[in-house]
Amino acid sequence: APVAPAPALTPAHLAKRVWSIGAAGTEPGLFDAARVMSVDDAGNIYVAEFEVDGPARVQRFDAQGRFINQWLAADPAIITDMAADRNGQLYVLQGGAINRYDGPTGAALGPLDLSVSTDNIKAVAPAPDNGLLAVSRTQLLRFDPSGQLTLAVEDTLEAALESAFNISYAAMDAQGNAYVLSTFEFAVYEFDPAGTFLTSFGAEGDGPGLFRVSPAAVVVDRRGRVYIDDFDGIEESEVTM
């Protein structure tokens with residue numbers, strides 16, 4: 001069934017800030033170019049910084065935003081994306097590789113085997129089975145919780161997107177559908193659990209359901225609602241097939 005158009009935004013649509021964490025700085029609990037974050041099922045918040053001169057710092061906060069601890073990534077490559085599983089294991093995208101870390105301690109748990117991949121990974125997201133979704137310009141990959149590859153779909157992205165070079169972030173819902181955000185196409189592309197393209201939504205513009213400037217992140221809540229972060233605010237979409 002078609003989704004009803006969203007109402008025009010008014011001051012009443014302003015989100016209410018519950019709390020905030022961090023400020024500029026390098027001390028514990030402060031941020032120096034924080035770029036990516038993820039949350040585990042206990043509500044622990046992991047924030048990684050953009051570091052070009054050495055190992056990136058990852059900080060952990062509790063569900064109320066209180067600083068817990070911090071650690072440095074073992075791999076010196078820049079962290080470009082990160083996904084926490086339910087138990088706090090982190091999948092960290094660094095230089096096209098996906099390295100696993102124990103979130104609470106920062107202990108390196110080894111990389112995922114990406115020998116099947118024909119292209120650099122662009123985005124990672126937690127999967128409903130506590131595994132991982134990884135997206136490249138040409139592939140959708142699924143890994144189980146032990147790190148074993150369970151699905152590799154070729155060419156589905158290039159067939160659906162105008163330019164797969166624009167892939168920036170991804171998310172999965174509870175049914176295993178994948179949502180891939182293409183920043184400079186101003187659109188989100190949906191794929192079923194088998195990697196088959198289903199639909200896309202969003203376009204460039206100022207109205208509700210449109211993206212004004214460079215949508216930069218996509219997440220899905222437990223009710224299947226898709227949220228996209230845009231410079232104009234956060235868009236909520238109810239995807240109905």
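**Cores, pocket and cavity in a predicted model**

Trainee: Which residues of the largest nonpolar core touch the most other members?

Mentor: This is a predicted model, and its largest nonpolar core has 15 residues. Strand 9, strand 10 (132-136), strand 13, strand 14 (178-182) and strand 15 (187-191) each supply at least two residues of this core. The members that touch the most others are L133, V135, L140, A170, V180 and F191.

Trainee: Which element gives the largest share of the lining of the largest pocket?

Mentor: The largest pocket holds about 1500 Å³ of space and is lined by 38 residues, of which S38, V39, V218, V219 and V220 lie nearest its centre. The elements that give two or more residues to this lining are strand 1 (34-39), strand 5 (79-84), strand 9 (121-126), strand 13 (167-172), strand 17 (217-220) and strand 18 (225-230). The largest share, six residues, comes from strand 1.

Trainee: How much space lies in the largest cavity?

Mentor: A search of the whole structure finds one cavity of 30 Å³ or more. Its lining is made by L133, L140, L141, R142, L151, M172, G176, A178, D192, P193, A194 and G195, and these residues divide into eight nonpolar, two polar and two charged. The space in this largest cavity is about 50 Å³.

Trainee: Which strand gives the largest share of the lining of the largest cavity?

Mentor: Among the residues that line the largest cavity are L140, L141 and R142. The largest share of the lining is three residues, and the element that supplies them is strand 11 (residues 139-143).

Trainee: Which residues form one aromatic cluster?

Mentor: A search of the whole structure finds five aromatic pairs, where two rings pair if their centres lie within 6.5 Å. One aromatic cluster is formed by F31, F61 and F67.

Trainee: How far from the centre of the ring of F50 is the charged end of R35?

Mentor: A charge on Arg sits over a ring if its CZ atom is within 6 Å of the ring centre and within 35 degrees of the ring normal. The charged end of R35 sits over the ring of F50, and its distance from the ring centre is 4.2 Å.

Trainee: Is A56 buried or exposed?

Mentor: The place of A56 is in the loop between strand 2 (45-49) and strand 3, and its C-alpha atom is 8.5 Å from that of W71, although the two residues are 15 apart in sequence. Buried means under 20% relative accessible area. Because the relative accessible area of A56 is 0%, A56 is buried.

Trainee: Why does A63 count as partly exposed?

Mentor: A63 is placed in the loop between strand 3 (57-61) and strand 4 (67-72), and its C-alpha atom is separated by 8.9 Å from that of V39, 24 residues apart along the chain. Partly exposed lies between the buried limit of under 20% and the exposed limit of over 50%. A63 counts as partly exposed because its relative accessibility is 34%.

Trainee: What is the relative accessible area of N130?

Mentor: N130 is found in the loop between strand 9 and strand 10, and its phi is near 75°, a positive value in a residue other than glycine. N130 is buried, with a relative accessible area of 10%.

Trainee: Where is A33 found?

Mentor: Phi of A33 is near 65°, which is a positive value in a residue other than glycine. With a relative accessible area of 36%, A33 is partly exposed. A33 is found in the segment before strand 1.

Terms used
Residues are numbered from 1 along each chain as its sequence is written. This is a predicted model: local features need pLDDT of at least 70, side-chain atom pairs count only at pLDDT 80 or more; totals for chains, interfaces and linings use all residues. Side-chain values use heavy atoms; hydrogens and water are left out. On a 1 Å grid over the protein atoms alone, a cavity is a set of points where a 1.4 Å probe fits but cannot get out, and a pocket is an open set with protein on both sides within 12 Å along at least five of seven lines; lining residues have an atom within 4 Å of a point. Grid points are joined across faces, edges and corners, and a volume is the space filled by probe spheres set on the points. Helices (H or I, at least four residues) and strands (E, at least two) are DSSP runs, numbered from the N terminus. Rings of Phe, Tyr and Trp (its six-membered ring) pair if their centres lie within 6.5 Å; planes under 30 degrees apart count as stacked, over 60 as edge-to-face and the rest as tilted. Ala, Val, Leu, Ile, Met, Phe, Trp, Tyr, Cys and Pro count as nonpolar, Asp, Glu, Lys and Arg as charged, and the others, Gly among them, as polar. A nonpolar core is a set of buried Ala, Val, Leu, Ile, Met, Phe, Trp, Tyr and Cys residues joined through side-chain atoms within 4.5 Å. Buried means under 20% relative accessible area, exposed over 50%, partly exposed in between (1.4 Å probe, protein chains only).
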